[in-house]
Every structure is written in C-alpha cells, then in structure tokens.
Amino acid sequence: MRRMLLRGTTGVLISLAGAFGVAACGGSKSSSGSTTGSVKESGGPSLVTGNGPIVIADVQPPEAEGGFDFTSGMLVEANKLNKEGGVDGHKIEVKVFNEPGTPAGIVAGYRAAAADQSAIGTFVGDAGDELKPLGAQLKLPALTATGTYSVIQPAAPYIFSTTWGPQYATSSTVWGLKHAKGKKIALLHYNADFSETIPGAIKELCKETGKPWSGCEIVDEEASTAEASVEQLTPQLAKMKAAKPDVYYIEGLDPNGFKAAKQLGMMSEGIPVVSDQWLGVPAIAEACGENCNGAVFGGHKCRLNGSEFKELNQSEPVVAFCKSFVKEWEAAYPGKEFAIYSIYGHDTVEILATVAKELLEAKKPVTRAAVAESLEHRNGTPVTSHGAVTTHPGDPRLTGTWHESYINTKLTYVNGKIVYSLASPSEQSAEVSEKSF
C-alpha cells in the first residue's frame, strides 16, 4: 500500500487554501447492533454562524481500508466549492480524525468527531455495525462507504451510506454466469466486513426467479484472511479448481489470491474470473499486476481509463461528472493514479454542502438534527457520483441507481501498466437487483 501523507492525532485540521498532499475498501469485523427510527428533532443553535466555516469531519481509516483516498475526494470537492465562494458565503473545512481501523478505533473516531461541536456531519469511510447504536446517542450525522447493508438496514438515526452493498459482488457474478452459460460458482473471500457479505449476496442472487442465473449455486466456498500468503491460499484455490465450476469468484482484497490462482493455471483456463471493486484501488491493482489480467469486477464508471471515457455513452450524466472530477483530482495530486475511493469522500462533501445550503437559504439553523432530517428526505438532489440521491427514513442510502454509475469492468495488464476497460461492449452493465439483501 502507498504511505499516507497524513498521520497524527485526532483533530488534524486540513487547510484548503494551500496545496494538497496524497495515498490508497475494507473493514474490520464488527459486532452487530440495531437501532431503528428516524430523526424528528431539529432544535438548538446553528453550527454555522457569521462568516464562520462549515466543518465536516472525516474519521479516516488506515491506508489498508481506504485511508487518504477517501479524504482526497473530500478535499477536492471542498476546494472546488471554496473557489466558487463557498456555501452561501461560508467556506468548507475538512477536519480529519485518524483512528485504527478496528471497531474500537471507529467508535473512538466517531466519538471524537461528535465531541467537536463545530462539525455538522462526518464521513466514516470504513464503519461496520458498531456505528449503528451510536447514532442516536451521539447525534452526529455519519456517512459511511463500507459496502455492507447491515450498517443501514434496519435504518438507524443519524447513520447513512454513500455506497452500494451486495451489488459489488453480484454484478460481476451475473456477468460471469451469463458469459459461461453455467450455474456453478467457486468462491474465495476474506474477513473484512464487505468480504463476509459476499457468500450471502451470491446465495440470495441464486434464489431470484425468472433470471438466467436462477438456480445458480456455490459449489465451493473458501474463506481466508486479507493477509494470507500465496502458500496459505494455494490449497484453497486448488479446492476451487477441483470443484470444476463455471465461474471463479476471487475477492480482490488480497492480491496473493490471484497470484496463487495464476500459478495453478486458473487464470488461463477460459473460465470467467470475477471479483469486486477492490481491484479498482491503485495500490491493490499494482500489487496484483499481471496476475489479475482478465479479471472482471463491477466498478464505478470513473475507474475506466481515459479522460474522455469514450467507451461510455457520452450523454450519461455520470460521464460529465467523471471527466470533470478525475481532471480536478489529478490536478490536485499530479503524477498519482486516480483513487477510485475518492468518489465517496466527494459525495459526502457535496451532499452535506447541499443540505447546509438549503438550510441557510431557508434561514433555518444548521443543526445536526436538521442536517440528519434533511438527509432522510432527499428527492433527487444532489446528483452525485452515484446519481440522483433519493432517500426516506427507512432507506438512508444516499445513491441513485446502480446502473447510473457502475459497470462491469475488465482489468488487463499491458506493457507493465494496469488498463481498465468495459468487460464486454455488448454487456456494459449486468442485470443486478437493487434490493437490500
């Protein structure tokens, strides 16, 4: 993994007036908690007064769980808004809280952010279910991109998601099954929060009726840790190969899984090898290199190579977004490979800035409760990297539709460089259920 340029103790304030600095999803295993209900309170003094800033906290996970990649997107969007005059004249400040990527670290970071009475909300990039019971207690709107639905289903006050969930696993699986014209899947996954949802997501997918993949099955499931070596993973991948599946699903979190698969000849058998958006992370893709050649995953459209995104329908709103945002990101971090997880940080700032703007223009106090209540009732605004945001108290997922922003993407290794392209021109996006599994 690349080294983060930001390290230090809780409460590091990022100045957006000067230069930027950069680094490279995942999650720690967490205990579950469930708190249901919506935010109905809205009193208290405004957190945005006079010429004061709009402060957005960032509970930054370690680099192995996304680290500064998330933060970089927050800074790019905040800097853009500030250059345009801010939000109703108020500058945006991003305050970073560095904590370990453990359940205890995530809780500590969220508590620290909540204790800072200037913050109107926070991004918690790598949160699991340990976050849920704290929302009603700490009452700080928290937006997370962990990629699991249990963090928002059932809904909990003050807890929101800026990303999808099982679709990251099922999109590429559907593509593989259709491509292979088969039903049998051999699966390797790891132990991060998202990792442990993969088998359940695929099993639910196979239960769907009236689909080409109806009745599919996992004929071999192997589980390991994200730190497993090639030697440790080789016997598990050999079992997958012996199961004679139609599709190999190899989670992308640990590049050693693909290295072992290549050594066993699995990458050249003609059997589709599918994965997930971990392979869109520059550090992971670079570590995987030629071993991942030909792997397909459901990834955000901004991950495709080329500033013009010529493989996509140019009339899609997300294309205009990708062209603009990738250019802004690369200008902020020259010489760096675009960090796909920056889109989640971008969306957090855009969404919270939109809510703050609405409250200020309506002459209403910008309280945490008012922000949370607004987040629960979005009706198509703003339009983020994930499409037009629509929510209700029972579904606090701050996205549009899967097909607006995601597509099945193939990773190839050409002349020592990772290249991302459409998995198939005729199947730009696999059919996936947009329900919560």
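## Ground rules

Because this is a predicted model, local features need pLDDT of at least 70 and side-chain atom pairs count only at pLDDT 80 or more, while totals for chains, interfaces and linings use all residues. Residues are numbered from 1 along each chain as its sequence is written, and side-chain values use heavy atoms, with hydrogens and water left out.

Helices (H or I, at least four residues) and strands (E, at least two) are DSSP runs, numbered from the N terminus.

## Helices that cross

Start with helix α9, residues 317-332. Its partner α10 (residues 342-361) packs against α9 at an angle of about 100°, with the axes 12 Å apart. Here an axis is a line fitted to C-alpha atoms, for helices over the stretch in contact, and angles run from 0 to 180 degrees between N-to-C directions. So α9 and α10 are roughly perpendicular to each other; that label covers 65 to 115 degrees, with angles under 35 called roughly parallel, over 145 roughly antiparallel and the rest oblique. On the α9 side the contact is made by F321, F325 and W329, and on the α10 side by S342, I343 and H346. Contact means heavy atoms within 4.5 Å. Nonpolar covers Ala, Val, Leu, Ile, Met, Phe, Trp, Tyr, Cys and Pro; charged covers Asp, Glu, Lys and Arg; the others, Gly among them, are polar.

Helix α1 (residues 67-83) also meets α9: their axes come within 10 Å and cross at roughly 100°. That makes α1 and α9 roughly perpendicular to each other too. From α1 come S72, G73, V76 and K80, and from α9 come S324, F325, E328, W329 and A332. This contact of α1 with α9 has four nonpolar, three polar and two charged residues.

## Rings and a charge

Rings of Phe, Tyr and Trp (its six-membered ring) pair if their centres lie within 6.5 Å; planes under 30 degrees apart count as stacked, over 60 as edge-to-face and the rest as tilted. By this rule the count comes to 15 aromatic pairs. One of them is Y168 with W402, an edge-to-face pair at 5.4 Å centre to centre with 75° between the planes. Y168 sits in helix α4 (residues 167-180) and W402 in helix α12 (residues 402-405), so the pair ties together parts that are 234 residues apart in sequence. Both Y168 and W402 are buried. Buried means under 20% relative accessible area, exposed over 50%, and partly exposed in between (1.4 Å probe, protein chains only).

Ring pairs also link F68, F321, F325, W329, Y333 and F338 into a cluster. Elsewhere, R397 lies over the face of W164, 4.1 Å from the ring centre. For a charge to sit over a ring, NZ of Lys or CZ of Arg must be within 6 Å of the ring centre and within 35 degrees of the ring normal.

Most residues other than glycine have a negative phi, and most peptide bonds are trans. Now for some exceptions. The peptide bond from Q153 to P154 is cis, with omega near 0°, and P154 is in the loop between β5 (142-144) and β6 (159-161). Another cis bond joins T381 and P382, with omega about -10°; P382 belongs to strand β12 (residues 379-384).

K181 has a positive phi of about 55°. It lies in the loop between α4 and β7 and is exposed at 76% relative accessibility. K244, with phi near 50°, lies in the loop between α6 (230-242) and β9 (247-250) and is exposed too, at 63%.

K183 lies in the loop between α4 and β7 (184-189) and is partly exposed at 33%. Its C-alpha is 6.5 Å from that of W213, 30 residues away along the chain.

T144, in strand β5, is buried at 0% relative accessible area. Beyond its neighbours within four places in sequence, T144 touches residues including F123, V124, D126 and F160. V124 itself lies in strand β4 (residues 119-124) and is buried at 2%. V124 and P61 are 63 residues apart in sequence and 7.9 Å apart in space, C-alpha to C-alpha.
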